[in-house]
Amino acid sequence: VELAAPEEEQAEAGPCTPLEEELSSLWSELLGAKTIGRHRSFFDLGGDSMLAIQLISRLRDAFQIELPLRALFEAPTVAGMAQAIEAARREDSVPGGEGSRIDLRSEAVLDPTILPELVPTEDFGQPTSILLTGATGFLGAFLLHELLQQTQATIYCLVRAADVEEAEHKLRRNLATYALWSESQSSRVVPVVGDLARPRFGLSERQFDELAQTIDAIYHGGALVHFTYPYSALKAPNVRGTAEVLRLASRSKVKPMHHISTAAVFSSDLYSVDQTIGEQDELSHAEGLYDGYSQSKWVAERLVGEARTRGLPVCIYRPGVIAGHSQTGISNSDDVLHKLIEGCIQLGSAPTLDMSVDMSPVDYVSKAIVHISRQSEALGKAFHVVNPEPVHLSTLFARLRALGCAVDQIPYDAWRDELARAAEHASGNVLRPLLPLIPERMAGVGTPGQKLPALARMPRLDCRNTTTALAGTSIKCPEIDEALLRTYFAQYMGQKTYA
């Protein structure tokens, strides 16, 4: 008979207080587990991000308190949440609240051993072997497709999987999802089983060295993208993973590293909506970044910048909101903007917000990045890969109405109330899981000139580096007009049916 280790016995211990009893019962209901150890992690028991949002919502209703979602990630046990609830009742510092902010500048320290050797002088524009991270994502699939189209290189794809066979299946399935799979090019796609969240991607020293000697260039698009996760949950894949990519780029022969960042690194509310950010401007404000994803990408980009000062040839690309393919309409259904539009179509109404939306079709973004990356003069620069003509939210919905979408714009507070009522029904709304993250009231929102919350505030992004690098090519960002929206809407209606 195997005896449980002391820490396992502690994890399986039952609730000790009436509050823990209530929490245990609630977790059991949500997770479908009969017994809940007071020190067992919510996520080890089968919880995921959507269930986490539901749990926080249920806690708010049951205990009449406001807990940030990250409180669950930082104290994901019955015992830990009981302490967080008691602290909230006493109005003490709550895990994940104002009192537990992370100093992102101190996080952005690159290992001093990541130091490139003598940089060769040959042209970096014709690599024969490329490493791509993030190929099983949305943009990653299109980057893989463009690398196959624009180069003759063999593309090594880092994939988190149990073995090579599973990694191959993931790559094929993802490309097929976006109508990109081509059997004729499959021989140029080589899966590498590895995990960004682990040192050396989980490879042995020998395997890591062999990969470093094989690869001629790196496109780092891999990241855990989740706007409800705190920085602590994203640090390993997004920050440490970037450091390991930089380590690989510096190891053995020096390799150019093309880093896919995000425009969200400038989403701090310390920037003004009237401010224009240049592509070479420093990442000034870490304070005021409102979500863990933006924070993790800010730190990761700072690491890349430090590697650049040490002599590593790098390019930084900052896409904005990546929309569907401009010709096929195929899009990422998990994207926040996609869900917002879908939820508004389901509801029949949209909020009146004085804000513009940057939507750049994924085929434009991927073509632009790969084309720019092949120009030697691009090394050392940053590029804003955004739509130079963003569309106002009211214009976006007006164009959707012209296409037959019955979506009326109403004041934000009324829209939020309608959404809450719709979420009570069994059929719900696609935005239902995100309801706890959508503010119930926004005083002043919708009035021109009024300041918006951090989520809706972004400075203007200058993109002249990108425009210059694409001059003379056919790669241009399409306007968000009725023709483009008709393509998206046709694809959307082909996939969705509502009674």
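Predicted model: local features only at pLDDT ≥ 70, side-chain atom pairs only at ≥ 80, totals over all residues.
Which residues in H7 meet which residues in H13? On the H7 side, the residues are Phe138, Leu139, Phe142, Leu143, Glu146, Leu147 and Gln150. Their counterparts in H13 are Val362, Val365, Ser366, Lys367, Ile369, Val370 and His371. Sorted by class, the contact of H7 with H13 holds nine nonpolar, three polar and two charged residues.

For helix H7 (residues 138–150) and helix H13 (residues 362–373), the angle is about 50° and the axes lie 9 Å apart. H7 is therefore oblique to H13. The crossing of H7 past H13 is right-handed.

Stepping back to the whole protein, the secondary structure amounts to 17 helices and 15 strands. The protein has 499 residues, of which 52% are buried. Among contacts with a separation of 6 or more, 78% are accounted for by residues 24 or more positions apart.

Seven of the strands can be followed together. They form an open sheet in the order S3-S2-S1-S4-S5-S7-S12, with parallel pairing. S3 and S12 stand at the edges with a single partner strand each, so one side of each is left without a neighbour in the sheet. On average, and with direction ignored, neighbouring strands of this sheet are turned by 20° against each other. Helix H8 (residues 164–177) packs on the sheet, where it touches strand S2 (154–159) and S3. The direction of H8 makes about 125° with that of S3.

How many residues of strand S7 are buried? Six of its six residues are, so the strand is mostly covered by the under-20% criterion for burial. In a regular strand the side chains alternate between the two faces of the sheet. In S7, both faces are covered. Val314, Ile316 and Arg318 are buried on one side, and Cys315, Tyr317 and Pro319 are buried on the other.

Phi of Arg200 is near 55°, a positive value in a residue other than glycine. Phe201 is found in the loop between S3 and H9 as well, and its phi, near 65°, is likewise positive in a residue other than glycine. Are these two residues buried or exposed? Arg200 has a relative accessible area of 25% and is partly exposed, whereas Phe201, at 1% relative accessibility, counts as buried.

H9 itself packs with helix H10 (residues 231–250) at an angle of about 65°, the axes being 8 Å apart. Phe208, Leu211 and Ala212 of H9 make this contact together with Glu244, Arg247 and Leu248 of H10. By class, the H9 contact with H10 has four nonpolar, no polar and two charged residues.

With a relative accessible area of 16%, Leu31 is buried, because burial is taken as under 20%. Leaving aside residues up to four places away in sequence, Leu31 touches Phe42, Leu45, Gly46, Gly47 and Leu51. The C-alpha atoms of Leu31 and Phe43 are separated by 9.7 Å, the two residues being 12 residues apart along the chain.

How values were computed: Residues numbered from 1 in each chain as written. Heavy atoms only, no water. Buried < 20%, exposed > 50% of the residue type's maximum accessible area, 1.4 Å probe, protein only. Helix = DSSP H or I, 4+ residues; strand = E, 2+ residues; numbered from the N terminus. Axes fitted to C-alpha atoms, helices over the stretch in contact; angles between N-to-C directions. Parallel < 35°, antiparallel > 145°, perpendicular 65-115°, else oblique. Left-handed = near helix turned anticlockwise from the far one by under 90°. Contact = heavy atoms within 4.5 Å. Nonpolar A, V, L, I, M, F, W, Y, C, P; charged D, E, K, R; others polar. Pairing = 2+ DSSP bridges.
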